[in-house]
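Visitor: I'm new to this one. Could you pick a single part and take me through it closely?

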Amino acid sequence: MSASPHPHEDLLAHLTRTTPLGPGEAARVIAEVLAYFSENTEEYVRRRHGELQARGLTNERIFARLGAELVARRVAAPELSTRQLRRIVYG
């Protein structure tokens, strides 16, 4: 009985061919990247707000940065106002 192929076999082959990663490491990198980009907008905003707040940034700077980051995401979120971002974080 053979193991089922990796769902992103072509990407896995590309990474093992073009980087020093072995198949197991490449599979973990793929899983991490997919998990990162599977976050919805609200999850992303909450996570990043916490990270940036832990670095000592003020909300004014955090919300400006979040607005810029959201536009640059692979699947861009709709443009959100500071008020909308604040509501995601604080309810």
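Guide: Let's start at Val-89, which touches Val-45, Arg-46, His-49 and Phe-63, leaving out residues up to four places away in sequence; contact here means heavy atoms within 4.5 Å. This is a predicted model, where local features need pLDDT of at least 70 and side-chain atom pairs count only at pLDDT 80 or more, while totals for chains, interfaces and linings use all residues. Residues are numbered from 1 along each chain as its sequence is written, and side-chain values use heavy atoms, with hydrogens and water left out.

Val-89 belongs to the largest nonpolar core, a group of twelve residues that also includes Val-45, Phe-63, Ile-62 and Leu-66. Such a core is a set of buried Ala, Val, Leu, Ile, Met, Phe, Trp, Tyr and Cys residues joined through side-chain atoms within 4.5 Å. Helix 3 (41-54), helix 4 (59-72) and helix 5 (82-90) each supply at least two of its residues, and helix 4 gives the largest share, with four. Helices are DSSP runs (H or I, at least four residues), numbered from the N terminus.

His-49 counts as buried because its relative accessible area is 4%, and buried means under 20% (1.4 Å probe, protein chains only). Setting aside neighbours within four places in sequence, His-49 is in contact with Asn-59, Ile-62, Phe-63, Leu-66, Val-89 and Tyr-90. With Asn-59 there's also a side-chain polar contact of 2.8 Å; that term means a pair of N or O atoms within 3.5 Å, and within protein one must be able to donate a hydrogen and the other to accept it, with residues adjacent in sequence counting only if both atoms are side-chain atoms.

Key: Buried < 20%, exposed > 50% of the residue type's maximum accessible area, 1.4 Å probe, protein only.
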